[in-house]
Amino acid sequence: MNDIIFDLKNVQFSYLGKFPALCGVDMTIRSGEKIAVIGANGTGKSTLLQLLDGLIFPDHGHVTAFGEKLLENSHVDEKTAHRFRKRVGLVFQNADIQLFCPSVREDIAFGPLQLGVAEEEVDRRIQEVAQVLDIQHLLERVPHQLSIGEKRRVAIASVLAIDPDVYLFDEPTAGLDPLTVRHIIDFIVHANRLGKTIITATHDLHIIGEIADTVYVFDRNKRIVRGGATQTVLNDRSLLEANNLIHIHQHHHNGKEHVHQHLPLEPHD
Amino acid sequence: MSNPVHKKSDFIERSILSALAFLKDATLSEEYANRKGLLQSLDPRFKTISFFAFLVTAVSLKNVVLIGTLYGLCLLLAFLSSIPVRHFLVRTLLFIPLFSLCIVLPTLFSIVTPGEAVWSFNILGISAVITRPGFDGALLFVVRIATSVSLVVLLSLTTRHSELLKVLRVFGVPPIFVLTVSMSYRYLYLFATMVENIFTAVKSRVGVVSHQRHGQNIVAWNIANTWNRTTQMSEEVYMAMLSRGYTGEPRLLSAFQATPKDWVWLLGAVIICASLFYRGYTL
């Protein structure tokens, strides 16, 4: 079908040929979808995003992006590489990896400049994304002087400046304060309303209801154990518990000690 | 009571942590570059060209008074750029001229530089004579070094390192070189912080007292660990670059905006250098 962006068939990947990271993943992602990939640590979520971004390539099986197979030599040609990079942007989990330039302004400009955007247009985009993410005051700052939340927003800005069709987010809210988490969720929801395809790897179940319509659950065998509508997946408590995504815990709440499952969507007394 | 084993084992750790602290404070903080002042308000290209002209003048002049004038100008510029003069003097005068003095010490004496004797004395029965040409040459060398170092320090203190790197690009240095240097600079801070955190984590587990040999082992592990993490991170950073369209030929921002003030500054710098050269020629 024409609106299929990514099609993965029996994708297997291992690091150094001996540490399996993905063991037979099948997945189809369509334009404009809002998808979350959830799973405990080390289940292959980040690896999947890097495969979708054409940074690594499967050992077995294949990934098709925009109707063309993603192969190791398919990005050797600069035009082909740029065509793909303009359409897919990855926000890395560790913002320090993504922010490698000496100033925030240059980090935001890096992507568009590599993709051949004229400097005047790059300047315009810097101002625009800085306003959207409320980071105008950070433009001349050095990335290592920023807080984690600021770094994360700048990392998103560096991808937003490319204006891709597909956003890949790797743990976008990990370690952030509630207000920054809120800003990032709002950004993702807004981008999706504008027609962008959103794929988010996370194990923060509290945000999934807002940032995803479809959820894929990865298990310890580095396979998709379940995929489906967000609400349906999140209601399957045994599935989430079996995959280390919810836990039973005891805490002090409303003046009394009680024990319950920690669930993402349901309020509790 | 102090523990000698503890002191010995702490030596390497303290040295590393002090070096890291100095690196972060002195090199990576851009406190002065972010202040409002004369030099901070100038276009980095014009500032760099003018300082280069000052430097050439300082190196070329052979008159101590004229070089001293340039040094006075340097102090005035530091003052006008909101840099505490005392801090500036400590930073420039304390070490480098002292070292240069050590280098020129032998040239003071008649055995290296013969000429009119200014002062003679005996050390352990050996007669030592300081000569006029030796003294003049040494003084010129030290003043020239002090002025040159002060100019370079003033330029680096009042300019953000990212702007200095941009200036390199304007002068034709290949973008890949500039990008590599700027990335090294960027990650230096990150790894300095990481090494500090490792030491804190080790201390929290083994306590402050450890045997010297054990302390050396810890330092060796840290070096190996930092090396591994550096390699891993460099691969990930390269991926992040590829992800944003990098294909081996970096394209970087080059926007600078010169104002009439910059041209006036450059003209003033040229006039000062030309006047000093002329005065040096006529003396």
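Reply: Over all chains, the structure holds 18 salt bridges, a salt bridge being a side-chain nitrogen of Lys or Arg within 4 Å of a carboxyl oxygen of Asp or Glu. Side chains of opposite charge can pair when their charged atoms come close. This is a predicted model, where local features need pLDDT of at least 70 and side-chain atom pairs count only at pLDDT 80 or more, while totals for chains, interfaces and linings use all residues. Residues are numbered from 1 along each chain as written, chains are lettered from A and ligands numbered from 1 in written order, and side-chain values use heavy atoms, without hydrogens or water.

Let's start inside one chain. Asp3(A) and Arg30(A) join their side chains in a salt bridge, at 3.4 Å from N to O. Asp3(A) sits in the segment before β1 (4-15) and Arg30(A) in strand β2 (residues 19-30) of chain A, so this pair ties together parts 27 residues apart in sequence. Helices (H or I, at least four residues) and strands (E, at least two) are DSSP runs, numbered from the N terminus.

Now for the place where chains meet. Between chain A and chain B there are two salt bridges; one of them links Arg244(B) to Asp107(A), at 3.5 Å from N to O. Ten residue pairs, both partners at pLDDT 80 or more, are in polar contact across the two chains. A polar contact is a pair of N or O atoms within 3.5 Å; within protein, one must be able to donate a hydrogen and the other to accept it, and residues adjacent in sequence count only if both atoms are side-chain atoms.

On the chain A side, the elements giving two or more residues are α2 (78-85), β6 (88-91), α3 (95-98), α4 (104-114) and α5 (119-132). Of these, α4(A) gives the most, with eight residues.

In total, the contact (heavy atoms within 4.5 Å) takes 39 residues from chain A and 33 from chain B. The buried area is about 3000 Å², with carbon and sulfur atoms giving 59%; buried area is the accessible area (1.4 Å probe) that two parts lose on being put together, summed over both. Ile97(A), Phe100(A) and His144(A) supply 23% of what chain A buries against chain B, more than any other three residues.
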